[in-house]
Amino acid sequence: MQNHHAPYPALRARRLRATPALRALVRESRLDASDFIWPLFVQEGKDRSTDIPSMPGVARLSPDLVVKAAREAVSLGIPAICIFPYVKQELKTEDCADAWSPDNLVNRTIRAVKQAVPEIAVMTDVALDPYNINGHDGYVVDGRIVNDETVAALVRMAVAQAESGADIIGPSDMMDGRIGAIRAGLEGAGFHDTVIMSYAAKFSSAFYGPFRDAVGAAGALAGDKNTYQMDPANSDEAIRQVGRDLAEGADMVMIKPGMPYLDICRRVKDSFAAPTFAYQVSGEYAMLSAAIQNGWLDGNKVMLESLLGFKRAGCDGILTYFAPAAARLLRG
Ligand code: PBG
């Protein structure tokens with residue numbers, strides 16, 4: 001870009017920073033409650049809430065409390081929630097059959113939410129890890145994560161979620177070909193308007209640690225997802241992944257984790273001009289919360305600053321555990 005600005009003192013950058021009114025006029029990005037998708041952990045029971053120690057302020061909720069949270073989301077102007085299940089140990093199997101059971105915890109919760117709060121958009125996670133005895137996102141055969149068999153299971157899982165009323169299907173498994181297969185499965189089952197938000201550039205990250213505690217998927221093998229999730233060193237590969245997922249029928253794409261990958265967000269937005277989301281993941285939430293709890297950071301300020309960064313980087317929205325707190329600040 002050519003520098004067409006006058007030199008100092010004709011240009012004084014501070015002129016436009018001098019008052020709140022001038023700063024508001026030239027502000028380039030804005031954060032709003034409508035930017036947020038609120039991830040929620042669901043567990044069996046009634047009126048039951050279990051704190052997650054590594055995620056202060058976040059709890060696993062029984063389905064009735066997820067419904068309550070969905071109502072709260074609507075009242076705060078948050079357009080969507082995303083549901084992750086805490087699956088009982090006895091339901092975790094090698095074939096992961098509970099993943100597509102119409103009456104599994106997720107599908108029952110989707111129906112309860114859509115019945116009570118039809119205006120909220122409900123997003124789901126498509127991956128086998130909460131249902132898998134191995135904690136992996138795909139089937140494990142002879143110690144290897146097999147792709148095509150996993151994709152077939154993911155299609156069944158996604159269609160069951162659409163049948164339960166899910167608005168947005170979120171494949172987070174990183175198998176090859178799953179977006180095209182899920183899109184075909186949804187079309188074939190008559191779900192022409194079910195949205196797919198693909199976890200397109202999902203990196204093999206240490207920032208998912210607290211999430212794996214939250215959903216009870218911290219199995220012995222689950223630490224290493226390097227054969228399907230992306231190498232944190234790669235950027236061009238993220239562009240190829242996103243391009244492929246859009247070509248296969250994704251309506252929106254996601255980059256995950258968020259804060260260490262803002263460069264990827266910007267490249268993706270500039271390359272494809274598609275609806276682009278970032279997931280500020282459990283470890284990012286834990287890291288900020290720990291410093292906030294210690295009084296080392298100003299909670300409200302860092303929360304909003306961290307979220308605004310996603311908008312500046314080109315994201316249309318953010319999945320964040322801060323959603324209700326941030327929405328309260330922004331709308332209050
Ligand atoms: C599972 C999944 C993960 C997250 C969302 N879906 C964990 C993983 O890949 O191990 C992480 C979310 C978070 O850390 O907040 N497919």
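## Overall fold

The protein has 11 helices and 12 strands, where helices (H or I, at least four residues) and strands (E, at least two) are DSSP runs numbered from the N terminus. Its radius of gyration is 20 Å, close to the 20 Å that the globule rule gives for 332 residues, so the protein is as compact as a globular protein of that length. That radius is taken over C-alpha atoms, and the rule is 2.2 Å times the number of residues to the power 0.38. Along the principal axes, the C-alpha trace spans about 70 × 45 × 40 Å.

Before we go on, a word on the basis: this is a predicted model, in which local features need pLDDT of at least 70 and side-chain atom pairs count only at pLDDT 80 or more, while totals for chains, interfaces and linings use all residues. Residues are numbered from 1 along each chain as its sequence is written, and side-chain values use heavy atoms, with hydrogens and water left out.

## Packing, surface and charge

Of the 332 residues, 53% count as buried. Here buried means under 20% relative accessible area, exposed means over 50%, and partly exposed is in between (1.4 Å probe, protein chains only).

The accessible surface comes to about 15,000 Å², of which 53% belongs to carbon and sulfur atoms; the areas come from the Shrake-Rupley method with a 1.4 Å probe, and for residues only the protein chains shown count as cover. The protein carries 35 positive and 40 negative charges, and their mean positions are 10 Å apart. For this count, Lys and Arg are positive and Asp and Glu negative, with His and the chain ends not counted. Each charge is placed at NZ of Lys, CZ of Arg, CG of Asp or CD of Glu.

How many disulfides does the structure hold? There are 0 disulfides, a disulfide being a pair of cysteine sulfur atoms within 2.5 Å. For Cys82, the closest cysteine sulfur is in Cys315, 16 Å away, which is too far for a bond. Cys315 is in no disulfide either, and the nearest cysteine sulfur to its own, that of Cys265, is 3.6 Å away.

Cys82 is buried, at a relative accessible area of 0%. Cys315 is buried too, at 3%.

## Backbone points to check

Most residues other than glycine have a negative phi, and most peptide bonds are trans. With that in mind, a few places in this backbone are worth a look. The peptide bond from Tyr8 to Pro9 is cis, with omega near 10°, and Pro9 sits in the segment before α1 (20-26). Another cis peptide bond joins Lys256 and Pro257, with omega about -10°; Pro257 is in the loop between β10 (252-256) and α8 (262-272).

Positive phi values turn up at two residues other than glycine, Asp142 and Ala273. Asp142 has phi near 50° and lies in the loop between β6 (139-141) and β7 (144-146), where it counts as exposed at 78% relative accessibility. Ala273 has phi of about 50° and belongs to the loop between α8 and β11; at 65% relative accessibility, Ala273 is exposed.

Is Gln280 buried or exposed? At 1% relative accessibility, Gln280 is buried. This residue lies in strand β11 (residues 276-280). Beyond residues up to four places away in sequence, Gln280 touches a set of residues including Met259, Leu288, Phe310, Ile318 and Tyr321. Gln280 and Lys256 are 24 residues apart in sequence, and their C-alpha atoms are 7.2 Å apart.

## Two residues of helix α2

Pro63 is in helix α2 (residues 63-76) and is buried, with a relative accessible area of 15%. Leaving aside residues up to four places away in sequence, Pro63 touches Val42, Gln43, Gly45, Leu105 and Thr109.

With the same exclusion of residues up to four places away, Arg71 touches Ala116 and Val117. Arg71 and Ala116 are 45 residues apart in sequence and 8.3 Å apart from C-alpha to C-alpha.

Terms used
Contact means heavy atoms within 4.5 Å.
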